[in-house]
Amino acid sequence: MFKTFFTRFVPVATACLLLGNCSSVPETPERITLVNKFIGTAGNGCISPLAAVPFGMVQLGADTRPYSSGYHYQHDEILGFSHVHKSGAGCGDFLDILFMPLPPDTATDSIAELRSEYWRSKFSHDKEWSLPGYYGVNLHDDRMKVELTASDRCGLQRYRYAENSPMPLIIDLEYGSRSACTIQSEHDVDTVYYASLEMVDDRTVRGCRLTNGFAPHQHVYFYTVFSSPIESFTLYSDNIRQPGVTRAEGMNLKAVISFEKGNELEIKTGISAVDLDGAERNYRTEAKDRSFETVKTQAFDRWADLLGTIDIETPDPRKKELFYTALYNTMLYPMLYSDTDFRFRGPDDRIHRTDGFNYYGAVMGLWDTFRAACPLEAVLRPDIIEDYVKTALEHYKHAGQLPIWTLAGAETYQMIGLHSMPLITNAYLNGIRNFDTELALQAMTESAMKDSCGTSMGYFVGLRNYKKYGYVPCDMEMEAVARTLEYAYDDHAIAQFARMTGDTAKYELFRNRSFNYQNVIDPETLLARGRMKNGQWRTPFYPLRSSHRNDDYCEGNAWQWTFFVPHDVEGLAEIMGGKKVLARMLDSLFTTGASLEGESASGDITGLIGQYAHGNEPGHHTIYMYNRVGEPEKTQFYVHKVLTELYDNTPEGICGNEDTGQMSAWYVFSAMGFYPMDPVSGQYELGTPLFEKTTLHLPSGKDFTVTAENLGDENIFVDEVRLNGKKLERTYITFDELLAGGTLTFRMKGKND
């Protein structure tokens, strides 16, 4: 019997000494031991402590529930280990290709009926551990240990048994996410349209799942090779045993596979969204000739390199753990979707091939990530963002529009706005220009001029009414105020790109459209408000009311959405009566009572400071608006308050769902002392640094260093800022100044200094 395993916080190399037989394991890179992957696994964080590499296609992890991210810290049973997750996303899905090892003494011949989720195992967090690229847990009363690691397109499992035992397991192709984001309850979720499962030879199994869910079509093909020969292979169709069958097709397929007695079983699985050949090719390229330890070491090294792009100095280990965990969470996305031969499944459900770049269309949560996650990656990993922009343009070629919110390569239309626009413009501003800029402007223009983009929740999505009225009338479309504000911002992003690429006519067109936000700001209430097609304001008006995805806003209310004008703070102030009035409105946002009205108020309105909701993305820039109205000390106060009160090192440590890296990206930027309030402005607004020293190691080889003199628990306010020794008389630095390298020095003071 194994000894009691170490807790999740013990470095793997140290832990292996407790287990013995780990002489091949190299010392774990120190950087990755700073990541606590269990932060955000409880509450509504939707984090899963899975095994993955940065931006990888495979997210292999334990499922404790068949919905959301698949894992919740408060659960005490594991259902199995699926190869594709959506860790951190508010709208869960995937959970494809589930493996579940059975207790070693299971009489598999007696299993006449096999139902999903029947076979499960109790587990303890004291015998569970996870590091970037690695996950492990004890199952079945400590009789076995499961370890997981991953490459880009392959998941590796290792089952180690306490004694020489039979090694049975289940593959379940019926299992998948039972609750995704079709929004409409009458729509089936993760319906299996087709599955196949086949024993290829005495060590190999392959198959596929074709389903719907958040996206209308999801394809996952897999090719699995076992380290031991298969002793018995039994297929189950519609839960019923099918003796003597080694290949089956259907909608509910499973298999029980047994192996000869042993102490260890290694399982290598390549996946693909293209076809079975793609899954096999991915396996042969990334896993065939590599041991579990080799793949794990490579995963560790990739995470160590990425986390090493930023060095921080702080005497507080909890802050260091939070920072590197946030950086880790950000870098799981965008999510790879092309095979090693560059083939991918496009939004038209057909197979295409890139000209040599990686296609990142598996999860494109741009409504969340255009704000800070993509801008952070543009600085630290411009190679990824270059391919991400090319992915968006490739999507346009096959869908006729730029992506809005894609999953499994397909457009879902589930969120609002056209946020490929700021993705592309922010990339260009960061010097990422190795893409077809003429095609990009064409794609941006055509996408922004379409009458209809599609449908979401059964109603129209598009810009026909926005173009006709200069706003989205609330008596014609849902979420009309939020759509107007986001379309106006996206118009601003197009205008900036047109200006930089020399198209004056398009610059003027979209610059003028970017002021359409003014049409939904009521000069009497000073709040963003629904407006009908006849020009009248919707009455009655309840600024605190929210009805989730069924009102004039989107996952918010009038208070939270009024300030989504990051591109024209001065113009918003003018409507309200000047900067002092806007400053008082911002004050009211943070001091109005934190209650919400409405029986179906959005559950996404979390992390409240007054009516400011940090747990959801539309307000993430708002604190920094104080800089633009002459009160930067309030930016500093609230940034510090959010950093220290709304993030912590517990499983409940994220005040909303992670939203594919955006919550963490806000933390990373803000802790460094600056933030892209408007990601297409070319400027970072200054806040208040959390660390004595932060150094960004830029891909160019240059360093950008932020130091905070006289920093302390009370000294959170900025007395003076210098850039390369020269005093700044402004509250921002530019993208170009950061990319050039240098030193940004904050001199801090207390409230009354």
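This is a predicted model: local features need pLDDT of at least 70, side-chain atom pairs count only at pLDDT 80 or more; totals for chains, interfaces and linings use all residues.
Visitor: Now to helices. How are two packed helices described?
Guide: The description uses the angle between their axes and the distance between the axes. Take helix 4 (residues 317-330) and helix 17 (residues 662-672): their axes come within 8 Å and cross at roughly 130°. That angle makes helix 4 oblique to helix 17. The crossing of helix 4 and helix 17 is left-handed.

Visitor: Which residues of helix 4 and helix 17 meet?
Guide: On the helix 4 side, the residues include Leu-322, Phe-323 and Leu-327, and on the helix 17 side they include Tyr-667, Val-668 and Met-672. By class, the residues of this contact of helix 4 with helix 17 are nine nonpolar, three polar and one charged.

Visitor: At what angle do helix 7 and helix 8 pack?
Guide: Helix 7 (residues 382-399) and helix 8 (residues 420-429) pack at about 140°, and their axes are 10 Å apart. Helix 7 is therefore oblique to helix 8, and their crossing is left-handed. Helix 7 brings Ile-385, Tyr-388, Val-389, Ala-392 and Leu-393 to the contact, while helix 8 brings Ser-420, Leu-423, Ile-424 and Ala-427. In the contact of helix 7 with helix 8, eight residues are nonpolar, one is polar and none is charged.

Visitor: Let us turn to strands. How do side chains alternate in a regular strand?
Guide: In a regular strand, side chains alternate between the two faces of the sheet. For a case here, find the open sheet of three strands, which has the order 29-30-35 and antiparallel pairing. Strand 29 (674-675) and strand 35 (732-734) are the edge strands, each pairing on one side only. Strand 30 (residues 683-686) is joined to strand 35 by three bridges, and Tyr-684 stands opposite Ile-733 in strand 35.

Visitor: How many bridges join strand 14 to strand 17?
Guide: Seven bridges join strand 14 (residues 230-237) to strand 17 (residues 253-259), and the two run antiparallel. Here Ser-237 stands opposite Leu-253 in strand 17. Strand 14 is also joined to strand 15 (residues 240-242), by three bridges and again antiparallel. Arg-241 in strand 15 is the bridge partner of Tyr-236.

Visitor: How many residues lie between strand 14 and strand 15 in their hairpin?
Guide: Two residues lie between them, and Asp-238 in the turn has a positive phi of about 50°. For another positive phi, go to Asp-141, with a value of about 55° although this residue is not a glycine. Asp-141 lies in the loop between strand 7 (134-139) and strand 8 (144-150).

Methods: Residues are numbered from 1 along each chain as its sequence is written. Side-chain values use heavy atoms; hydrogens and water are left out. Two strands pair if DSSP finds at least two bridges between them. Helices (H or I, at least four residues) and strands (E, at least two) are DSSP runs, numbered from the N terminus. Axes are lines fitted to C-alpha atoms, for helices over the stretch in contact, and angles run from 0 to 180 degrees between N-to-C directions. Angles under 35 degrees count as roughly parallel, over 145 as roughly antiparallel, 65 to 115 as roughly perpendicular and the rest as oblique. A crossing is left-handed if the near helix is turned anticlockwise from the far one by less than a right angle, and right-handed if clockwise. Contact means heavy atoms within 4.5 Å. Ala, Val, Leu, Ile, Met, Phe, Trp, Tyr, Cys and Pro count as nonpolar, Asp, Glu, Lys and Arg as charged, and the others, Gly among them, as polar.
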